[in-house]
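Please open the structure in your viewer and keep the selection tool at hand.

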Amino acid sequence: MKLKEYLRFVSYARTLEELWDAHCRQMAIYGFDRLIYGYTQYLTATSLGDPEDFVILSNHRREYVDGFLGDSRYSNAPMLQWALNNDGAASWGLIQDLASNGELTPEQQKVVDFNKSHNVLAGYTVSFNSVSVRSKGAISLSAEENRNQDEIDDMWEEHGEDILLMNNIAHLKILTLPYTPPNRSLTKRQREALQWVGDGKTTQDIALLMGLTAATVEKHLRLARESLSVETTAQAVLKAALHNQMYVMEA
């Protein structure tokens, strides 16, 4: 799709699935055939938060994703460290510069070696502007295996502004769409109970509104807390809202 056509499509996307599929195909036009998008709303000075609460989208092979994310290699990735302290786009030539200057830590070198073993060699990282002090998002654009960094840098000189714009708009759209992390799903009843809590209703009020007993309402709220891995109902309401799970449009 051309830029205007792509932006029009993104603005009307209704689900993460259709948006992500289109974005992967769009980035492949520019030679980026493997992507990882990550977003957290639980950033602190010492942690990115619980990985199970991250919004993660990727079209990499499963074994790469498991090794990079599942084994927590991401926490030592040089480009992630760059993304946490910068906004905009950066060439992976930065990694080559760090290596040449002997500035990679042993942990970072292990990540670089892991990437090389999966032919993740050339690309760009885009770090998005944060909407709060607790949030950060970035996307890794990995180039086709037969492309080197110089070729990708030349392509970026010509098309980089358009690519950056498309990724920024896709990111902003992702923030508005419902996302259910693994093992964090809510049933319809659990969601409804949380909605009423968010409206300031008491357990007795909710029982009357839902046609249930107070004990059953408490059960739904307890299960919602367990599903979202939180300790209080207020936290459950907040977490569900942050992932746009509170008022989901039924298909």
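How many bridges join β1 to β5, and in which sense do the two strands run? Select both strands in this predicted model: eight bridges join them, and they run antiparallel.

**First stop: the whole protein**

Display the entire chain before going further. The protein has 11 helices and five strands. Its C-alpha trace spans about 65 × 45 × 30 Å along the principal axes. Of its 251 residues, 43% count as buried. The accessible surface comes to about 13400 Å², and carbon and sulfur atoms account for 51% of that area. Consider also how the chain meets itself: among contacts between residues at least 6 apart in sequence, 69% join residues at least 24 apart.

**Second stop: the sheet**

Select the five strands together. They form an open sheet in the order β2-β1-β5-β4-β3, with antiparallel pairing. Strands β2 (55-58) and β3 (88-91) stand at the edges; each has a single partner strand, so one side of each is left without a neighbour in the sheet. From one strand to the next, the twist averages 15°.

Now examine the individual pairs. Begin with β1, which is mostly covered, as seven of its nine residues are buried. Towards β5, select Ile36 and find its bridge partner, Ser140. Towards β2, β1 is joined by four bridges, and these two strands also run antiparallel. Select Tyr37 here: Leu57 in β2 stands opposite this residue.

Which residues have the most contacts inside the largest nonpolar core? Select Phe32, Tyr37, Leu141 and Ile163, which hold that place in a core of 32 residues. The elements that give two or more residues to this core are α1 (3-12), α2 (16-29), β1 (32-40), β2, β4, β5 and α7 (149-174). Of these, α7 gives the most, with eight residues.

Centre the view on Phe32 and show its surroundings. Leaving aside neighbours within four places in sequence, the residues in contact with Phe32 include Cys24, Met27, Tyr124, Leu141, Trp156 and Ile163. There is also a second, separate core of 22 residues; select Leu69, Trp92, Leu104 and Val120, which are among its members.

Return to strand β3 and select Ser91. Is this residue buried or exposed? Ser91 is buried, because its relative accessible area is 17% and the limit for a buried residue is under 20%. Show the side chain of Asp153 as well: a polar contact of 2.9 Å joins it to the side chain of Ser91. Apart from neighbours within four places in sequence, Ser91 is in contact with Met79, Gly123, Tyr124, Gln149 and Asp153.

Select Ile95 in helix α5 (residues 93-100). Ile95 is buried, with a relative accessible area of 16%. Not counting residues up to four places away in sequence, Ile95 touches Pro78, Met79, Leu104 and Val112.

**Last stop: two loop residues**

Most residues other than glycine have a negative phi. With that in mind, go to the loop between α6 (106-117) and β4 and select Asn119. Although Asn119 is not a glycine, its phi is positive, at about 60°. Asn119 counts as partly exposed, at 35% relative accessibility.

Finally, select Ser229 in the loop between α10 (214-228) and α11 (233-242). What is the phi of Ser229? The value is near 60°, which is positive in a residue other than glycine. Ser229 is partly exposed, with a relative accessible area of 44%.

Notes:
Residues are numbered from 1 along each chain as its sequence is written. This is a predicted model: local features need pLDDT of at least 70, side-chain atom pairs count only at pLDDT 80 or more; totals for chains, interfaces and linings use all residues. Side-chain values use heavy atoms; hydrogens and water are left out. Two strands pair if DSSP finds at least two bridges between them. Axes are lines fitted to C-alpha atoms, for helices over the stretch in contact, and angles run from 0 to 180 degrees between N-to-C directions. A nonpolar core is a set of buried Ala, Val, Leu, Ile, Met, Phe, Trp, Tyr and Cys residues joined through side-chain atoms within 4.5 Å. Buried means under 20% relative accessible area, exposed over 50%, partly exposed in between (1.4 Å probe, protein chains only). Contact means heavy atoms within 4.5 Å. Accessible areas come from the Shrake-Rupley method with a 1.4 Å probe; for residues, only the protein chains shown count as cover. A polar contact is a pair of N or O atoms within 3.5 Å; within protein, one must be able to donate a hydrogen and the other to accept it, and residues adjacent in sequence count only if both atoms are side-chain atoms.
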